[in-house]
Amino acid sequence: MALAAKKNIKKVVLAYSGGLDTSAIIPWLKENYDGCEVVAFCADVGQGEEELVGIKEKAIASGASECYVVDLKEEYVKDYIYPIIKTGAVYEGQYLLGTSMARPVIAKAHIEIALKVGADAVCHGCTGKGNDQVRFEACFAALAPQLTVIAPWREWNMVSREDLLDYLAERNIPCAASLTKIYSRDANAWHISHEGGELEDPWCEPSKEVWTMTVDPMDAPDEAGKVMLSFEAGELVAVDDKPMSAYQSLMYLNEKAAAHGVGRIDIVENRLVGMKSRGCYETPGGTVLMAAYKGLETLILDKESLKYRESVGHEFSHVIYDGRWFTPLAKAQLASAASFAEKVTGDVVVKMYKGMAQVTQRRSPNSLYSEEFATFGADDVYDQKHAEGFIRLFSLSSRITALKQADSVLTEKK
């Protein structure tokens with residue numbers, strides 16, 4: 001950034017985690033942006049209370065003028081996770097988008113704080129190699145394009161944890177981080193992700209130390225567990241007949257599913273910035289919730305509707321992965337999914353056993369399933385002779401094509 005532009009920055013709101021990177025960013029901003037005031041912002045999206053203990057004090061000790069901790073847990077689950085579940089979005093067939101789906105709600109709160117305190121700029125600690133820099137900045141551009149965005153990892157000369165620790169030590173700024181950190185992790189109410197360490201080699205099997213949220217499926221109980229989820233118009237309203245808030249429901253499902261080792265995946269994914277990365281994800285409650293929702297959909301949506309909803313889910317997985325939540329395209333796709341969800345009402349039982357989550361029971365007042373039509377026994381509602389005419393019409397184009405080809409062969413022989 002040009003020197004003149006830097007001198008115009010008087011107040012910056014930093015997305016602060018209390019970790020090594022953001023602890024170093026606070027003094028760096030003040031030194032490199034002409035003594036600007038730095039306001040810390042921390043989003044509570046269910047990453048765990050231990051992550052937030054003393055975070056305000058840490059921010060002030062690093063040089064921030066103040067620190068806002070915003071509770072986004074219920075909003076995150078109800079207004080972001082639930083709508084995404086309705087789309088059925090799963091990135092590249094496996095990833096339940098735990099990191100991606102948290103970014104819009106964090107970015108929105110970040111901008112709200114920046115406007116509240118009259119900031120000139122917002123700042124994040126994302127690296128220049130990751131997806132999150134794009135996700136956050138795309139949201140910033142949609143919500144407050146007038147604000148300057150500062151990304152220190154794209155400006156400073158520090159390249160390692162050692163550099164950051166030395167930087168803080170030289171300024172006598174306390175930090176609990178050390179050189180022993182192996183994995184890069186990101187947690188919220190929906191999941192926890194793990195990268196780095198042995199995971200950088202795709203041929204290396206993850207060690208037990210990688211996983212932190214779920215029981216090893218090999219050590220999970222020998223007796224299956226079951227949980228019943230109740231939906232109304234696509235919204236989860238009760239679990240095991242207990243009405244709960246959106247966040248409470250997810251916490252309950254996380255505990256139940258994690259105990260059975262449900263929700264682990266190990267994938268190599270295509271990052272938005274062009275490279276491949278290997279990561280391990282744990283999404284216990286989310287895996288059960290997605291399985292239940294899709295299980296109920298199979299009772300309710302007709303063939304063509306389900307086919308279209310699946311196409312929406314595929315496309316939306318890329319929209320949310322790429323950080324395009326605040327766009328007309330995302331709005332249209334979410335509206336489409338919400339329309340299908342209007343009839344997704346009913347109960348689903350999911351069985352959890354040694355890492356698996358399987359729908360075993362489902363019922364709905366809007367079910368299109370009819371035992372009278374589907375039975376293999378005798379019935380009075382379906383005349384099997386009618387199938388012959390249907391098949392002849394259904395395959396008519398194939399029949400005509402084959403006849404044409406046969407005529408061409410005969411013509412050539414003559």
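Which residue in β5 does V122 stand opposite? That would be V149. Keep in mind that what you're looking at is a predicted model. The notes below start with the sheet around that pair, then turn to some helices.

**The sheet**
- Five strands make up an open sheet, lined up in the order β3-β2-β1-β4-β5 and paired in parallel.
- At the edges sit β3 (66-71) and β5 (148-150), each with pairing on one side only.
- On average, neighbouring strands here are turned by 25° against each other, if you ignore direction.
- Strand β4 (residues 121-123) runs parallel to β5, and three bridges join the two.

**Helices against the sheet**
- Helix α2 (residues 20-32) lies across β1 (11-15), β2 (37-44), β4 and β5. Its direction is at about 170° to β1.
- Helix α4 (residues 55-62) also packs on the sheet, where it touches β2 and β3. The angle between the directions of α4 and β3 is about 150°.

**Helix α9**
- Helix α9 covers residues 246-258, 13 residues in total. From first C-alpha to last it reaches 18 Å, close to the 18 Å expected at 1.5 Å a residue.
- The buried residues of α9 are A246, Y247, S249, L250, Y252, L253, N254, A257 and A258.
- Those buried residues pack against two helices, α5 (73-87) and α10 (284-300). They also pack against the strands β8 (225-232), β9 (235-239), β10 (242-243) and β13 (346-353).

Technical notes
Residues are numbered from 1 along each chain as its sequence is written. This is a predicted model: local features need pLDDT of at least 70, side-chain atom pairs count only at pLDDT 80 or more; totals for chains, interfaces and linings use all residues. Side-chain values use heavy atoms; hydrogens and water are left out. Helices (H or I, at least four residues) and strands (E, at least two) are DSSP runs, numbered from the N terminus. The expected span of a helix is 1.5 Å times one less than its number of residues. Buried means under 20% relative accessible area, exposed over 50%, partly exposed in between (1.4 Å probe, protein chains only). Contact means heavy atoms within 4.5 Å. Two strands pair if DSSP finds at least two bridges between them. Axes are lines fitted to C-alpha atoms, for helices over the stretch in contact, and angles run from 0 to 180 degrees between N-to-C directions.
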